Amino acid sequence: MDADLSIKPPPADMERILVEDFGLSPEALAEASEAAAAKGEPLSRILVGRKLLSENQYQEALARFYGLPFYPELTLGDIDADVAGRVPIQFLKYHGMVPLKAAALSSPGSAADDCEWVIAVKDPGQFQPVDELVRRLGISAYRLVVAPASAILSAINLCYEFSQGSAEQLVQDMEEDGQIVIHDLQNAPDLLEDASEAPIIKLVNHILSQSVKAGASDIHIEAYQDQLKVRCRIDGILYDMLTPPRWIHASLISRIKVMARLNIAEKRLPQDGRIEIKLGNQEIDVRVSTLPTTFGERVVLRLLNKSKSLISLTELGLSDDRLRQLQDLITAPNGIILVTGPTGSGKTTTLYAVLQSIKTPDINIITIEDPVEYQIAGISQIQVNPKIELTFARGLRAIVRQDPDVILVGEIRDRETADIAVQSALTGHLVFSTLHTNDSAGAITRLVDIGVEPFLISSSVIAVIAQRLVRQLCPHCREAYRPEPEVLRHMDMDPADLGDRVFYRPVGCPQCFQTGYKGRIAIFEIMEMTTAMKSLLLKTFDANQIKAQAISDGLITLRRDGIDKVLDGVTSPAEVLRVTNR
């Protein structure tokens, strides 16, 4: 759906509101109006695109112009799911409106409290669609309110998601149906618009939509002797999502295989596939992996939300000093910068943020990855394909003949790849890559184990970054407390140094699905290859001695960075201990 908020130039009164009430300069407004006329685009798109106003500010100005209440958010406490059966979802999305029961917008002094229906719109000037909506619903009294396009779209999606029923009801429908027939259907462009009546299709759509809504990164479907479990991984932790009857297993797996275009009949070998789905305005890339086990096939779905924008360097969670340190490192003319950590620790996200920060028209950046998780405009990205022998080493060898300035190698797995990366760094290229090691010092030992000579490591590697992801405390329910001395000792802290500062711990509320945490943030350990470190590498590559030298050079360890985030109230001591005790 078009997120723009108006399709006509604003009248003079609207321009006055923008200038007087929202501080927009007349010159900037005039320039934006000229650009909108020249490009044939709404003024709102120009203003929001140039960051002269936010979407909410423009919508609030629109509400003032029409004399209507403005709701930046729609608190959907009493949404009427019956709307889904009376109005097509495409109609509401196209016109940017959603009908709600008045109780859903109950607020003190609300002008809508005396009406049963409230219609939230992004453009109050569209009278005909509102009249058509009122006719379809058969209502006589209603009030209009103005809301941002994003809030309206979320309300529409939520309404139609509820209309599809709960997972328990879908399973019950399947039990009543008795016999499940799997149809080879093409994916609906939007799961919320899939009108299929087959209960198994509804169940799979429900599992996917609920997992995306919860921000899950993976869905696990696991078969055991007497039960079937569906679990999802949220912020790195697996949670039970659903326990449908064991007999549903074959139908559930078959439906997922149909969507991923896998061989339904082959149940003895692992298979890998891919599904591309839409959920409202979100585009989700689903990687499907099946694995035969004793009690049937196990399936893991990796969810990649392509609609989410990549985070920037400033959003990684680095302190100001360490952000400047990283910015200095990534602007080096040549050398290797390694990012280390276990699977799922955010290494790729960090490297993508780095590439975006250094990307300019005068720099040639080429990557080779497995897989390419997100496309970055202006960067050439290569997908590893072992089936045609396109490996990291072979791809990297071809990349160096493409006159690159910056090279990203998804992972250094063998000596051949490591040797080419080192030679590329020594011949004037800036190379980024990842390794699976526990800390920054372990990366050096790992390179030596692969077969790289220590003197080449000291000449080419300029920094090693280790990272972990810790869950952030939910700001709505976190609870302040004084930690026990035992907790402080585990974190290498002296209780006397705590003073009057307090720690926070998770509680759990509806906002965070009762987990106490919402979202994740990275903790970092940045080890620079100082002169002393390079000299040490020529004598030994013992990880403990390297770590000791790095600390004497001023290294802030993962544990210390985590403690700083605990003291800032971002995360809990338990989270830091969980990820740094590995």
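Helix H2 covers residues 26-39 of this predicted model. Helices are DSSP runs of H or I with at least four residues, and strands are runs of E with at least two, numbered from the N terminus. The 14 residues of H2, at 1.5 Å a residue, should span 20 Å, and the end C-alpha atoms are 20 Å apart, which agrees. The expected span is 1.5 Å times one less than the number of residues.

Ala 28, Leu 29, Ala 32, Ala 35 and Ala 36 are the buried residues of H2. Buried means under 20% relative accessible area, exposed over 50%, and partly exposed in between (1.4 Å probe, protein chains only). The buried residues of H2 fall within an arc of 125° seen down the axis, so they line one face of the helix. This arc is taken from the directions from the helix axis to the C-beta atoms. Glu 27, Glu 34, Ala 37 and Ala 38 are exposed on the other side.

The largest nonpolar core has 38 residues. Such a core is a set of buried Ala, Val, Leu, Ile, Met, Phe, Trp, Tyr and Cys residues joined through side-chain atoms within 4.5 Å. Helix H15 (residues 440-450) gives the largest share, six residues. A second, separate core of 31 residues includes Leu 316 and Tyr 352.

Residues are numbered from 1 along each chain as its sequence is written. Local features need pLDDT of at least 70, and side-chain atom pairs count only at pLDDT 80 or more, while totals for chains, interfaces and linings use all residues; side-chain values use heavy atoms, without hydrogens and water.
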